[in-house]
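Please read them with the coordinates open.

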Amino acid sequence: MLFDRDGTLVEDVPYNADPGRVRPVPGARRALDRLRRAGVPVGVVTNQSGVARGLVSPDALEDVNRRVEELLGPFAVWAVCPHGEDDRCACRKPAPGLVLHAAAVLGVDARDCVVVGDIGRDVEAARAAGARGILVPTPVTLPEEVAAAPEVAADLAAAVDLALRPAPVFPDLPASPGAPAVPTSPAESTAPVSTAPASAASESTTPASPASIVPAATARADTEEPA
Ligand SMILES: [Mg+2]
Ligand SMILES: [Zn+2]
């Protein structure tokens, strides 16, 4: 299960380069720990164009992400896009690159991933990657983004509730009187979230893909410079 960072896991502080300003969203730790206890790997997929803009140094970004882990616990993968809007990269959401990269690092199919975010481009990135997207709106989320989202949850706890149930296969299909119930195959009724163990082994297989910042590691993959 993959989470957007700003506005989803932590309060959105635009271009935050200060670990001291990291404030978790209420209930985030509990929701994440519930997934960890269930054996579901949790990861972060985050646009950080402040790096490309020179507003957030790579070191500061790593410090902030480390602080997020101090407060919210360890993540099996960090997929970070450091590029700007004009870099035409394949990873900046709504492009699917971050989700595909995170899935590859976890060793799972993107179609078995659930992406949770607070704006439309999080859900669009999920859709583009073939993953399931759940929107958790905040006051800055646009009404049309809420209307367009395939699934909406009031908060992270509710999003986890949704994710641990099967994705809706036949939404808005009213059962006509006397009609047989819509059959559900066993394969479709299994939980869509991945329970595969996290693996860092595949990280080196995608050198040109989005930067993967593992706070505890000394090696960095985000040496790609913006154009
Ligand atoms: Mg966000
Ligand atoms: Zn990018």
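This is a predicted model: local features need pLDDT of at least 70, side-chain atom pairs count only at pLDDT 80 or more; totals for chains, interfaces and linings use all residues.

The points below cover strands, helices, the core and some backbone details.

1. Strand S3. S3 spans residues 77-81, and five of its five residues are buried. The strand is therefore largely enclosed by the rest of the structure. In a regular strand the side chains alternate between the two faces of the sheet. Here both faces are covered. Val 77, Ala 79 and Cys 81 are buried on one side. Trp 78 and Val 80 are buried on the other.

2. Pairing of S3. What is the sense of the pairing between S2 and S3? It is parallel, over five bridges. S2 takes in residues 43-47. Asn 47 stands opposite Cys 81 of S3. Cys 81 is also one of the buried residues of that strand.

3. The nonpolar core. The largest nonpolar core holds 58 residues. Met 1, Val 99, Ala 102 and Val 115 have the most contacts inside it. Which element gives this core its largest share? H4 does, with eight residues.

4. Helix H4. H4 runs over residues 97-106. Is H4 mostly covered or mostly open? Mostly covered: 10 of its 10 residues are buried. The buried set includes Gly 97 and His 101. It also includes Leu 98, Val 99, Leu 100 and Ala 102. Ala 103, Ala 104, Val 105 and Leu 106 belong to it too. Just after the helix, Gly 107 takes a positive phi of about 75°.

5. H4 against H5. H5 covers residues 120-129. The two helices pack at about 60°, with their axes 8 Å apart. Angles from 65 to 115 degrees would count as roughly perpendicular, so H4 and H5 are oblique to each other. The crossing is right-handed. On the H4 side, the contact is made by Leu 98, Val 99 and Leu 100. They meet Ala 125, Ala 126 and Ala 129 in H5. Val 99 is also among the core residues with the most contacts.

6. H1 against H7. H1 spans residues 28-37, and H7 spans residues 156-163. Their axes lie 8 Å apart, at an angle of about 20°. Angles under 35 degrees count as roughly parallel, so that is the label for this pair. H1 passes H7 in a right-handed crossing. From H1, the contact uses Ala 28, Arg 30, Ala 31, Arg 34 and Leu 35. From H7, it uses Leu 156, Ala 157 and Val 160.

7. Backbone points to check. Most residues other than glycine have a negative phi, and most peptide bonds are trans. Three places deserve a look on that basis.

8. Tyr 15. Its phi is near 55°, a positive value in a residue other than glycine. Tyr 15 sits in the loop between S1 (2-3) and H1. It is partly exposed, with 16 other C-beta atoms within 10 Å.

9. Arg 88. This residue is not a glycine, yet its phi is positive, at about 55°. It lies in the loop between S3 and H4. Is Arg 88 buried or exposed? It counts as exposed, because it has 10 C-beta neighbours inside 10 Å.

10. Lys 93 to Pro 94. This peptide bond is cis, with omega near 20°. Pro 94 is placed in the loop between S3 and H4. Arg 88 lies in that loop as well.

Key:
Residues are numbered from 1 along each chain as its sequence is written. Chains are lettered from A and ligands numbered from 1 in the order in which they are written. A residue is buried if 20 or more other C-beta atoms lie within 10 Å of its own, exposed if 12 or fewer, and partly exposed in between; C-beta atoms are placed from the backbone. Helices (H or I, at least four residues) and strands (E, at least two) are DSSP runs, numbered from the N terminus. Two strands pair if DSSP finds at least two bridges between them. A nonpolar core is a set of buried Ala, Val, Leu, Ile, Met, Phe, Trp, Tyr and Cys residues joined through C-beta atoms within 7 Å. Axes are lines fitted to C-alpha atoms, for helices over the stretch in contact, and angles run from 0 to 180 degrees between N-to-C directions. Angles under 35 degrees count as roughly parallel, over 145 as roughly antiparallel, 65 to 115 as roughly perpendicular and the rest as oblique. A crossing is left-handed if the near helix is turned anticlockwise from the far one by less than a right angle, and right-handed if clockwise. Two residues are in contact if their C-beta atoms, placed from the backbone, lie within 7 Å.
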